[in-house]
Amino acid sequence: MNINPPVFSKTDSLKFFRTLNKRVNDYFKENNIKKTGNWKLHLKAFVMFSALLAPYFILLTLNIPVWAQLLLTIVMGVGMAGIGMNVMHDANHGSYSSKTWLNKIMGSSMYLLAGNVYNWQVQHNVLHHTYTNIHGHDEDLDAGRIIRFTHSAQWRGFHKFQHYYSVFLYGLLTFNWAITTDIKQMRRYIKRGLSYGEFRSPVKQWTVLVVTKLLYALVWLVVPVLLGITWWKVLIGFFVMHYTAGLILSIVFQLAHVVEETANPLPDENGEMANTWAIHQLYTTANFAPKNRIINWFTGGLNHQIEHHIFPHISHVHYSKISEIVKQTAREHNLPYHEFKTMREAVAAHFRHLKELGMKPAIN
């Protein structure tokens with residue numbers, strides 16, 4: 001990853017963001033509603049936590065058939081993904097509630113996904129939201145050598161097959177958080193002095209990481225074995241739960257940025273970007289299935305990524321309403337507003353893009 005961050009243009013001759021921000025603020029004032037979450041989000045949080053924890057206690061207390069046990073671990077994975085997209089995500093952006101303490105508590109649900117709050121806030125809030133789709137700065141584009149997400153990434157022969165094998169690797173997202181990713185990220189971020197908000201001492205960060213990892217292993221691996229569940233069943237269930245969550249989270253995130261329509265702009269020789277930050281988000285982000293109520297409900301509004309990227313401190317429960325404001329304002333200023341009508345279209349665009357990125361670059 002590059003150390004020196006690019007600088008966005010400060011000149012918005014179109015006055016796009018000033019106009020958009022005023023219109024969105026007027027919407028909340030005129031309707032007398034807060035920008036944070038409401039009872040709909042709190043109810044959804046209860047549903048998602050129940051989907052994760054209720055099957056866990058059923059598995060610990062009831063003797064049920066193996067097929068039912070497997071099914072419950074899949075439900076737990078769905079619950080994990082639901083917590084990540086609906087609760088943890090809003091809370092760590094400070095949009096779950098107007099109360100800081102409640103955002104911190106709900107943001108700590110990241111530990112139920114085997115992740116770490118500090119790492120996630122740096123990678124997502126700082127690097128991804130600031131330098132969206134910029135190779136070398138947005139770590140969401142970094143899949144090591146195994147998957148090529150941009151034309152700027154080094155091409156390798158096996159990438160020609162990535163549109164086939166990538167989906168199988170996507171399921172390992174949260175599993176990797178549980179094992180290796182957090183350690184590597186924390187070492188890297190602390191060395192660079194990165195933080196979201198006040199920088200806490202490295203000792204505190206490492207202590208939180210170690211303690212939460214041990215507690216996670218205790219709850220999800222040790223306790224089930226101590227209560228009589230065969231160890232290999234515990235390991236299989238643990239993997240299935242994580243694989244289900246990882247697959248859901250990875251695909252939802254990829255559909256917003258790694259598709260045919262979105263761009264991967266790079267800074268010029270002086271490290272400057274062509275557009276302002278807000279306009280940059282329009283070129284690098286896409287929505288999908290905006291009218292699908294089920295997808296909108298379950299993904300925590302992450303199918304409205306354009307709205308989320310421009311207004312990350314507004315809760316996702318409002319995105320469907322303000323999306324028309326954003327779309328109209330973008331059109332008035334002759335700016336792009338990438339949108340797939342269905343999730344199927346977005347998935348197809350993602351894997352077509354992976355196939356194209358997997359082709360050997362032409363030698364000039």
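Analyst: What follows takes each label, sets it against its definition and concludes. This is a predicted model, in which local features need pLDDT of at least 70, side-chain atom pairs count only at pLDDT 80 or more, and totals for chains, interfaces and linings use all residues. Residues are numbered from 1 along each chain as its sequence is written, and side-chain values use heavy atoms, with hydrogens and water left out.

User: Why is Lys 327 called buried?

Analyst: Buried means under 20% relative accessible area, exposed means over 50%, and partly exposed lies in between (1.4 Å probe, protein chains only). Lys 327 has a relative accessible area of 10%, so Lys 327 is buried.

User: What makes Lys 291 exposed?

Analyst: Its relative accessible area is 66%, so Lys 291 counts as exposed.

User: And which label does Glu 324 get?

Analyst: Glu 324 is at 38% relative accessibility, so Glu 324 is partly exposed.

User: How do you know that Glu 324 and Lys 291 form a salt bridge?

Analyst: A salt bridge needs a side-chain nitrogen of Lys or Arg within 4 Å of a carboxyl oxygen of Asp or Glu. For Glu 324 and Lys 291 the N to O distance is 3.6 Å. The pair qualifies. It links distant parts of the chain: Glu 324 is in helix 13, while Lys 291 is in the loop between strand 1 (286-288) and helix 11, 33 residues apart. Helices (H or I, at least four residues) and strands (E, at least two) are DSSP runs, numbered from the N terminus.

User: What is the N to O distance between Lys 327 and Glu 324?

Analyst: It is 4.0 Å, and the two side chains meet in a salt bridge. Lys 327 and Glu 324 are three residues apart in helix 13, so about one helical turn separates them.

User: Which residues are linked in a network of salt bridges?

Analyst: The network links Lys 291, Glu 324, Lys 327, Glu 339 and Lys 341. The structure holds nine salt bridges.

User: What does the salt bridge between Arg 352 and Glu 260 tie together?

Analyst: The closest N and O atoms of Arg 352 and Glu 260 are 2.8 Å apart. Arg 352 lies in helix 14 (residues 343-357) and Glu 260 in the loop between helix 9 and helix 10, so the pair ties together parts 92 residues apart in sequence. Arg 352 is partly exposed because its relative accessibility is 43%. Glu 260 is partly exposed too, at 38%.

User: What makes a space a cavity, and what makes it a pocket?

Analyst: On a 1 Å grid over the protein atoms alone, a cavity is a set of points where a 1.4 Å probe fits but cannot get out. A pocket is an open set with protein on both sides within 12 Å along at least five of seven lines. Lining residues have an atom within 4 Å of a point.

User: How many cavities of 30 Å³ or more does the search find?

Analyst: A search of the whole structure finds one. The largest cavity has a volume of about 30 Å³, and a volume is the space filled by probe spheres set on the points, with grid points joined across faces, edges and corners. Its lining is Gly 84, Met 88, Leu 113, Trp 120, Trp 177, Leu 249 and Phe 253.

User: Which classes make up the lining of the largest cavity?

Analyst: Six residues are nonpolar, one is polar and none is charged. Ala, Val, Leu, Ile, Met, Phe, Trp, Tyr, Cys and Pro count as nonpolar, Asp, Glu, Lys and Arg as charged, and the others, Gly among them, as polar.

User: What lines the largest pocket?

Analyst: The largest pocket has a volume of about 1100 Å³. Its lining has 39 residues, with Gln 123, Glu 139, Asp 142, Ala 143 and Leu 173 nearest its centre. Helix 7 gives the largest share, nine residues. By class, the lining has 17 nonpolar, 15 polar and seven charged residues.

User: And the second largest pocket: what is its volume?

Analyst: About 670 Å³. The second largest pocket is lined by 26 residues, and Lys 40, Asn 296, Val 317, Ser 320 and Lys 321 are the closest to its centre. Helix 13 gives the most to this lining, with five residues.
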